[in-house]
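Welcome! Take the topics one at a time and find each spot as you go.

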Amino acid sequence: MKLIFLGPPGAGKGTLAAKAVDLVKVPHISTGVIFRSAIAAQSPLGRKVKAIIDSGKLVDDDTTIELVKERLSQGDAQKGYILDGFPRTIPQAEALAEFSSADKVLNFDIPDAKVLERLSGRRVCKKCGANYHVLFNKPKKESLCDACGGEVYIREDDKEEAIRKRLEVYRDQTAPLIDFYRKKGLLLDVDARPGTDEVVKNFKQALGL
Ligand code: ADP
Ligand code: ADP
Ligand code: ZN
C-alpha cells in the first residue's frame with residue numbers, strides 16, 4: 001500500500017504513521033526525520049538545510065524531490081510506503097506522480113488551536129526521532145526516549161515564531177494539495193482532533209481496514 005499523509009504541522013502525522021506501520025507493513029518515510037538526521041550528522045545535506053528548517057521555511061523542491069526519489073528506489077519501499085511530510089508543494093506532487101503512484105492520500109483535518117497545543121508541547125528524540133508530548137504522550141522516564149533511551153528535546157522550529165511561519169507556509173503551499181488530490185479521487189479525510197487511539201480508528205475506517 002502506497003500512502004501519503006497530508007496535514008498541517010502538528011496534526012499528528014508522524015505519531016499516527018509510527019502506529020500505522022504495524023497495520024499496513026510498509027516503511028514510514030518522513031522527509032522531516034531524514035532532514036533532522038542529516039542535520040545531526042552534520043552531513044553536506046544537513047549543513048545546507050539547517051537554517052531553512054529552523055526558520056520554518058521549506059527546503060527547495062529539487063533537493064527534496066531528489067531525496068525522496070532516491071529513498072523510494074530502495075528495496076524496502078517496493079512493497080509500499082507511508083510518505084509523511086512529502087509532497088508539500090504542487091511541484092513536488094507532480095514530480096512524485098512521475099516516479100510513483102500513491103494509492104490513497106490521508107488528509108489529517110485539525111483546527112489551528114489544536115495544532116498550537118500539540119506543537120507547543122512536542123518533544124522529539126534526538127537519536128531515533130520518536131515524538132512525545134509534555135501532556136498527551138509523556139516519556140516514561142523524564143526527558144528520555146521510551147524506544148531507545150535517547151534524549152528528548154524541543155525542535156528549533158517548534159518555537160513560537162517558526163510555528164507561525166510554518167502554518168503560513170502550510171496554508172500557502174501545502175493546503176492546495178488537498179484539492180489537487182481530491183480531484184484525482186485519492187483523498188480520504190481523517191478527523192485528527194481526538195486522542196491517538198481514536199485517530200487510529202478513524203484512519204482504519206477511512207482505509208476500510
Ligand atoms: P511537521 O512536524 O511540521 O510536519 P516535518 O518534520 O515534516 O514537520 O518537517 C520539518 C521541516 O523540514 C519543514 O518545516 C521543512 O523545513 C522541512 N521539510 C520537510 N519535508 C519537506 C518537504 N516535503 N519539502 C520541503 N521542506 C520539507
Ligand atoms: P506531525 O508529524 O503532523 O507534525 P506529530 O506526530 O509530531 O505531528 O504530533 C505533534 C505533537 O502532538 C506531538 O507532540 C505528539 O506527541 C502530539 N500528538 C500527536 N497526535 C496526537 C493526538 N491524537 N492527541 C494528542 N496529541 C497528539
Ligand atoms: Zn528514541
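Start in the loop between β3 (81-84) and α5 (90-99), where P87 is found. The peptide bond that leads from F86 to P87 is cis, and its omega is near -5 degrees. Most peptide bonds are trans, and most residues other than glycine have a negative phi. Please keep in mind that this is a predicted model.

**Backbone spots in loops**

- K25 is a residue other than glycine with a positive phi, near 55 degrees.
- You can find K25 in the loop that runs between α1 (13-24) and β2 (28-30).
- Is K25 buried or exposed? With a relative accessible area of 58%, K25 is exposed, because the cut-off for that class is over 50%.
- S143 is not a glycine either, yet its phi is positive at about 65 degrees.
- The loop that holds S143 lies between β6 (131-133) and β7 (152-153).
- S143 has a relative accessibility of 35% and so counts as partly exposed.

**How α2 packs against α3**

- Two packed helices are described by the angle between their axes and by the distance between those axes.
- Helix α2 covers residues 31-40 and helix α3 covers residues 44-55; they pack at an angle of about 115 degrees, and their axes are 8 Å apart.
- The two helices α2 and α3 are therefore roughly perpendicular to each other, since angles from 65 to 115 degrees fall in that class.
- The crossing of α2 and α3 is left-handed.
- Which residues meet where α2 and α3 touch? On the α2 side they are F35, A38 and I39, and on the α3 side L45, G46, V49, K50 and I53.
- By class, the residues in this contact of α2 with α3 are six nonpolar, one polar and one charged.

**How α6 packs against α7**

- The axes of helix α6 (residues 112-120) and helix α7 (residues 160-174) cross at roughly 135 degrees and come within 11 Å.
- For α6 and α7 the crossing is right-handed.
- From α6, the residues D112, V115, L116, L119 and S120 take part in the contact, meeting I163, R166, L167 and R171 of α7.
- The contact of α6 with α7 divides into five nonpolar residues, one polar residue and three charged residues.

- K126 sits in the loop between β5 (122-125) and β6.
- How far apart in space are K126 and A40? Their C-alpha atoms are 8.2 Å apart, although 86 residues separate K126 and A40 in sequence.
- Setting aside neighbours within four places in sequence, K126 is in contact with E151 and Y153.

**Cysteines**

- How many disulfides does the model have? The count comes to zero, where a disulfide would need a pair of cysteine sulfur atoms within 2.5 Å.
- C125 has a relative accessibility of 2% and so counts as buried, because the limit for that class is under 20%.
- C128, with a relative accessible area of 40%, is partly exposed.

How values were computed: Residues are numbered from 1 along each chain as its sequence is written. Chains are lettered from A and ligands numbered from 1 in the order in which they are written. This is a predicted model: local features need pLDDT of at least 70, side-chain atom pairs count only at pLDDT 80 or more; totals for chains, interfaces and linings use all residues. Side-chain values use heavy atoms; hydrogens and water are left out. Buried means under 20% relative accessible area, exposed over 50%, partly exposed in between (1.4 Å probe, protein chains only). Axes are lines fitted to C-alpha atoms, for helices over the stretch in contact, and angles run from 0 to 180 degrees between N-to-C directions. Helices (H or I, at least four residues) and strands (E, at least two) are DSSP runs, numbered from the N terminus. Angles under 35 degrees count as roughly parallel, over 145 as roughly antiparallel, 65 to 115 as roughly perpendicular and the rest as oblique. A crossing is left-handed if the near helix is turned anticlockwise from the far one by less than a right angle, and right-handed if clockwise. Contact means heavy atoms within 4.5 Å. Ala, Val, Leu, Ile, Met, Phe, Trp, Tyr, Cys and Pro count as nonpolar, Asp, Glu, Lys and Arg as charged, and the others, Gly among them, as polar.
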